[in-house]
Amino acid sequence: MSASEPMADLPLPHSPAPEAPPPQSGPNQPTSNQSARYTVLDRKPFRLVDLLLAWETILVLLLVAVIGINTWISPYFLDVFNLSDATSNFSEKAIVALAMALLILVGEIDLSVAAIIALSSLIMGLASVAGVGTFGLIVIGLSVGAFAGAFNGYLVTAIGLPSIVVTIGTMSLFRGIAQVVLGDQAITKYPEGLQTLGQTTLLAVPPLPNSFYIFVVLAVVAGLVLHRTTAGRRLYAIGNNPVAARFSGIRVERIRFTLFVLSGLASGLAAVLLTGRIGSTRPNIALGWELEVVTMVVLGGVSISGGSGTIPGVVLAVFVLGLTTFGMSLVNVPGIVINVLLGLLLISAIAVPLVVRGILRGLGR
Amino acid sequence: MSITPDVQPGGGEYADPILRLSGVSKRFPGVRALEGMRLDLYAGHTTALVGENGAGKSTLVKILTGIYTPDTGTLVVAGKECEIHSPRDAWADGITAIHQEPVMFDDLSVAENIFMGHMPVTRRGLIDWTTLVGRTNELLHRIEADFSAKTPLKRLGVAQKHMVEIARALSHDARIVIMDEPTAALSAREIDDLFRIIADLKSQGRAILFISHKFDEIFRVADRWTCLRDGHHVGEGLISETTEDDLVKLMVGRSIDQVFPKRHVVIGEPVLQVEGLSNATEYADISFTLHRGEILGFYGLVGAGRSEAMQGLMGISPPTQGTIRINAKRAAIFAPADAIDAGIAYVPEDRQIQGAVTPLGIRENMSLASLGKIAGKGGFVDTHKELARTRDLGAKLAVKAAHWDQKLMELSGGNQQKVVIAKWLATKPQILILDEPTKGIDIGSKAAVHAIMADLAAEGLGIILISSELPEVMGMSDRVVVMAEGRIARVFDRAGATPEKIVSIATGGSA
């Protein structure tokens, strides 16, 4: 230790504005106990503005507004059975959105999810016609999804193709297989058990569909993994800087591959639930879902370029989008008009906070 | 008055310079790249620009070609004062540059590459292909190129791409041609071709600024020299009146005025033994031993293969040959994760891209390479343990920040570097490789990094220090390994190393 004067009477040069880089010590006399002069706080000091401007706060406000408006314009909205019906309309997509959120977080995307649902449903249908039972069909549905996801993952990580190109390709490929095999036919022969899974409820009160409970459980698991475990840390690191992540010993390609398999598996699960719910497989099953799923993720605050976003945000966005659609259909707004309104909602939900933040930052100067 | 043909007639031996740069200064945050620099170039002559890595040669070239605008200084070309704010201005004043690694358009033809930015056009504003191809073939004929105007660039080799760059220089009818390490990627025969072209350009009365680290080339091709050191002009003269030794002395001739906190440490057992490490192109037959408590310096020119060899050792791009022993046990390293498990840590040179995840906080960055050590049951992060460790390492490295969750992008370069080093210390390595650890950071942080290196060596770590800064490498190392062209050229011990010898070996000499 070099001779150091007692530092107690020195003012703490700790900067109150976290934006500015901390000041360098003036005329330089570097000693190894410089740190004694600095107090580094354990965490960021709480500021109400940060909480109010958090994306999740905005989504909560949006959700409250959606519920309020829906209740006001339709007396049927708050009916328990109607709400149960509403959740069954978005739960399968929401399950896929959880896996999609992780993929987009690491800077990848899977646009083939809806096509994987079609492919899984097709193979389940063929197996069902051949006499396979409910349990066998579930296993088949999940496996086909996982294999399709592994195929995407292989092309992206082992061959190094961009995921948007790969999954646009497999979107046509998987859907095309279903269309070629089915033609204009539909498979409608499914065992009772599968339909029970898709159409009934685990708990009598509240009478929500099984798919919704599965979504809730998976959302909790995804939230814990992303926000509380070392695996979650790795995903954020990859999403923000894959090179530095690799240099830090993170097996980037292996994790990316796993996430594609996960995305396929979630799609397979959605296929099982959806096939059971509607009791049939048609070539256009789940058509266009990939964009609805991506919309959920992006509205949920996951950056499309990777690196930021939360599971609670995605869950909130699922409800905002699901209940908006349902509320409008209750008052007989046509589907095509709903699409226009959802597009406007997505754009304004993303643009407005950016503009507000810009104004606030301007005022703060 | 007998004059050799390539010397311009006029009073004395030289006419007025065609280009005169004077009083040029350029600062970047924390760095004075050039200070009161001057440079004269003469028509029909080749001037060699010599200086160490980081002496300011590249900055000078970028000022002449309009990529940087100097803070102060004047530029006079052919008696007329000019201001260069963009590459276009540089062309207009007759200045063009051939770069070390040509930046060109692979999918376009040779002709389009040569005339990019100044294509001949028809009256309707479309590209005049007849003129374009005609003029290109004329240029190619002049430099005796063996390919035609319509060849796609991607089919050419490196040397041929250099020919395209030269043709591009000629297409501007440039009076001043800058060649920045033009021979770096060329074979001996191709270098001969290049020198023939240089002679040709000289005979046409063009002025050439030739930048190279290789003295044999400088003495072959240049008429004059100008030497740079730490951004200052430290001398100029005729090549015929100087020697290699004189130039080397001028290049490095500063007193080592920094005080390095290197301590005497008892050197222990070998901790890392590398034998015959090679990959396909960048380095070959790298063998050395690192001991506990030892700081082993690696010096060499940019491109000598130092970083590549260390990244091979780290498993980032696994080597094709060679064995690595750690504590006398053979280590199998195929990925950075294997290297970390084996006890190796690597602080990379490019902090922004390879070292730090700048949008994340200090705490998250420090944990990144050692997540297993803070994982509790089920892979959940033990936040108490993590915070305690962050505080310890933060204090050890004197990281200055408002709070431990502050994003790295909000910190100064020096503090970012401290966080990156802390990230690697958290892995509890036995071998720490530091690749240009003090590049671009302020003096205070630099001293802190040197102090921590000395402390770690005293604790028994084996440390490898890659540095292009001669005083640093000599001041901190127990031994200095000098690499040249992908191989270990010489190993000096602390007593036997002099700046002149090290630079001479690094530039391919045999002193």
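Begin with helix 8 of chain B, which supplies the largest share of a negative patch, three residues. Now zoom in on Asp246(B), which lies in helix 8 of chain B; Asp246(B) is partly exposed, with a relative accessible area of 39%. Buried means under 20% relative accessible area, exposed over 50%, and partly exposed in between, using a 1.4 Å probe and protein chains only.

A word about what is on your screen: this is a predicted model, in which local features need pLDDT of at least 70 and side-chain atom pairs count only at pLDDT 80 or more, while totals for chains, interfaces and linings use all residues. Residues are numbered from 1 along each chain as its sequence is written, chains are lettered from A and ligands numbered from 1 in the order in which they are written, and side-chain values use heavy atoms, leaving out hydrogens and water.

Next, select residues 499–506 of chain B, which form helix 17. Its buried residues are Ile502(B), Val503(B), Ser504(B), Ile505(B) and Ala506(B). What do the buried residues of helix 17 pack against? Show helix 8 (244–252), strand 13 (295–300), helix 16 (470–476), strand 19 (479–484) and strand 20 (487–493), again in chain B. Contact here means heavy atoms within 4.5 Å. Step just past helix 17 and you reach Gly508(B), which takes a positive phi of about 90 degrees.

Now for the salt bridges (a side-chain nitrogen of Lys or Arg within 4 Å of a carboxyl oxygen of Asp or Glu). Select Asp338(B) and Arg251(A), whose side chains meet in one, at 3.2 Å from N to O. This pair crosses between chains, from helix 10 (residues 336–342) of chain B to the loop between helix 10 (242–247) and helix 11 (252–278) of chain A. Arg251(A) is partly exposed, with a relative accessible area of 30%.

Stay in chain A and pick Glu253(A) and Arg256(A), a salt bridge with its closest N and O atoms 3.2 Å apart. Both residues lie in helix 11 of chain A, three residues apart, about one turn of the helix. Buried or partly exposed: which describes Glu253(A)? Glu253(A) is partly exposed at 35% relative accessible area, whereas Arg256(A) is buried at 14%.

Back in chain B, go to helix 5 (residues 158–171), where Glu165(B) and Arg168(B) sit three residues apart, about one turn of the helix. Their salt bridge has its closest N and O atoms 2.7 Å apart, and both residues are buried. Then select Arg233(A), Arg363(B), Glu386(B) and Asp405(B), which salt bridges with shared partners join into one network.

Finish by colouring chain A by secondary structure: 14 helices and zero strands. Buried residues make up 45% of its 365 residues.

Technical notes:
Helix = DSSP H or I, 4+ residues; strand = E, 2+ residues; numbered from the N terminus.
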